[in-house]
Amino acid sequence: CLLFLSDNDEYRPPVWKSYLYQLQQEAPHPRRVTCISEVSDREADQLLSVAEGSYLIRESQRQPGTYTLALRFGNQTRNFRLFYDGKHFVGEKRFESIHDLVTDGLITLYIETKAAEYISKMTINPIYEHVGYTTLNREPALKNALPVCRDMPDGKDAPGEETCLEERLTSLVRRATLKESERAPKYEKVHNFKVHTFRGPHWCEYCANFMWGLIAQGVKCADCGLNVHKQCSKMVPNDCKPDLKHVKKVYSCDLTTLVKAHNATRPMVVDMCIREIEARGLKSEGLYRISGFSDLIEDVKLAFDRDGEKADISVNVYEDINVLTGALKLYFRDLPIPVITYDAYPRFIEAAKLTDTDQRLEALHEALKQLPPAHCETLRYLMAHLKRVTQNEKDNLMNAENLGIVFGPTLMRAPDVDAMTALNDIRYQRQVLELLIKNEDILF
C-alpha cells in the first residue's frame, strides 16, 4: 500500500520494494564439481544431485571443441551451451569467469521462477509518475533542496538499502529540484538508455523494485542518469532531463540533449556565433562561402566544449569572421542527427521535387512538422539569420542560392542511401535550403 503526501507535507523518499532483494539473498550458491574423467549424462546428474547450485563443465560429445554447463536447479539438471570470445557471455551479459556466470544465472533462474507473476506486473503501479518532471518541478521546501511534493510514497527502506540510498536517489532528487526556465520550451526527449552494471544493490527508479543479478542488471540513461529495469525502460515517458555532468561536450552532442541540459531554446553555439556574425560580419564578402583558418575553427570548437556559453568568441580573440562562420558550419556537420533529421529528410526532398510553387511550400510546411521541436526552432532561427545575410547581398555577394549550396549538405544528410541517390539529392538539398531562406517568414 502506498501512502501519498499532501501539498503541505515535506518530501520523503519513495518506498523501495524489498521482495526481489530478499529472493536474491535466498538464491542457491554455486558449487563447482570437478571430474577427473569423462562422465555420462546419468553420472553427471548423480554428481550434481548433492546440492542445488552444483555445476560442472563438460566437452560436448556431439560437437567436440564446444562445452556445456550442467547445472542443478529445481531438483533437476539443466544443460546450457557455453559461449566464449575472450569473455564468457550470455546475451548482453559478459563474465570474467564461469563462476560469475553461474552465480548470476542461479540468481536469475531463482527470481524468475519464484516471482514470475510479480515481475510481469512490476510496471503496473510505477513510482515514476509520482516523481517525474511534471509533478516535481515545484518550489524547494526541505532545506532549500527538496520540493514540496504530492503522490510520493513513504515507508521503511528494504534490508541492505542504507548504504546506497543516497546513490539511488540522486537522479530522482535531481529531477525533483530542477525547475524549467519560463522562457525555455519544454522539448520532449527520449532517454538514452544503455545496458549498465550497477555496483552494490540498486533499485529501479521506475517501479521501485530491486534490480537483480551480478552484472547488467538494468539500463542507465547516459544523459540524465536514470536507472531502470530493461523492461521498465519501455514504459518510461520521453521526459529525459539531461544532467550537465553526463553531457561532456557541446560539439557532436545530440541537439535536443544539449538544449535540455543547458535549459536553453537553441544550442549556445548557434546563438552566440550568429549574434557575433550579425554584429560585425553581415557585409563581409563571401560570408559562409569563404573558409576560415582550420586551426582557429578547431580552437573555437574546443572553447565551446571546454567553456560552453562562457566561451570568448569576440573580435579580440577571433578577428576573422570566417572563423566563426566555419565554427558554426562545423557544429552542424558534427551533429549525430542532422538539423533536418534522417526521418524527415525524405519529406523535404519530395517537397523540393514538386513543380507547383504553392504545393511545394505546403509540402515544406508539412515536412517541418516532422522535425523535433528543438531542431525546428534551431532551423527557424538559422533561416531568419540567413535571410538577413541575403538582405546584404550587395556587399557580401551571398544570395539564397549561394547559401543553399553551402548549407544544403551541412543541414541535410541522406539516410543510408546508395552513392548515386545521395549525389542526385545534392541539388534538391540546395533547393530546400533556398526555399526555406526565401520563405522563412511564412514557413515558420
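Which residues form a nonpolar patch on the surface, and with how much accessible area together?

## Surface patch

Met420, Leu423 and Ile426 form this nonpolar patch, and together they have about 320 Å² of accessible area. Patches are made of residues with over 30% relative accessible area and no salt bridge, where like charges are joined within 9 Å and nonpolar side chains (Val, Leu, Ile, Met, Phe, Trp, Tyr) within 5 Å. Accessible areas come from the Shrake-Rupley method with a 1.4 Å probe, and for residues only the protein chains shown count as cover.

Leu423 is found in helix H18, residues 419-438. Helices (H or I, at least four residues) and strands (E, at least two) are DSSP runs, numbered from the N terminus. Leu423 counts as exposed, at 54% relative accessibility; buried means under 20% relative accessible area, exposed over 50%, and partly exposed in between (1.4 Å probe, protein chains only).

## Basis of the values

The model is predicted: local features need pLDDT of at least 70, side-chain atom pairs count only at pLDDT 80 or more, and totals for chains, interfaces and linings use all residues. Residues are numbered from 1 along each chain as its sequence is written, and side-chain values use heavy atoms, with hydrogens and water left out.

## Salt bridges

The whole structure holds 20 salt bridges, a salt bridge being a side-chain nitrogen of Lys or Arg within 4 Å of a carboxyl oxygen of Asp or Glu. One of them pairs the side chains of Arg58 and Asp41, at 2.7 Å from N to O. This pair links distant parts of the chain, with Arg58 in strand S2 (residues 54-59) and Asp41 in helix H2 (residues 41-48), 17 residues apart. Arg58 is buried, with a relative accessible area of 14%, whereas Asp41 is exposed, at 54%.

The side chains of Glu366 and Lys369 form another salt bridge, at 3.1 Å from N to O. Glu366 is partly exposed at 26% relative accessibility, and Lys369 is exposed at 53%. A further salt bridge joins the side chains of Glu377 and Arg380, with an N to O distance of 2.8 Å. Glu377 and Arg380 are separated by about one helical turn, because they lie three residues apart in helix H15 (residues 373-390). Salt bridges that share partners join Arg266, Asp271, Glu377 and Arg380 into one network.

## Cysteines

A disulfide is a pair of cysteine sulfur atoms within 2.5 Å, and by this rule the count is zero. The cysteine sulfur closest to that of Cys232 is in Cys207, 3.8 Å away, which is too far for a bond. Cys232 is buried, with a relative accessible area of 0%. Cys35 is partly exposed, at 28%.

## Largest pocket

The largest pocket has a volume of about 660 Å³. On a 1 Å grid over the protein atoms alone, a pocket is an open set of points where a 1.4 Å probe fits, with protein on both sides within 12 Å along at least five of seven lines; lining residues have an atom within 4 Å of a point. Grid points are joined across faces, edges and corners, and the volume is the space filled by probe spheres set on the points.

The lining has 28 residues, and those closest to the centre of the pocket are Val90, Lys93, Asp104, Thr108 and Glu112. Elements that each supply at least two lining residues include strand S3 (67-73), strand S4 (76-81), helix H3 (98-114) and helix H8 (230-233). H3 gives the most to this lining, with seven residues.
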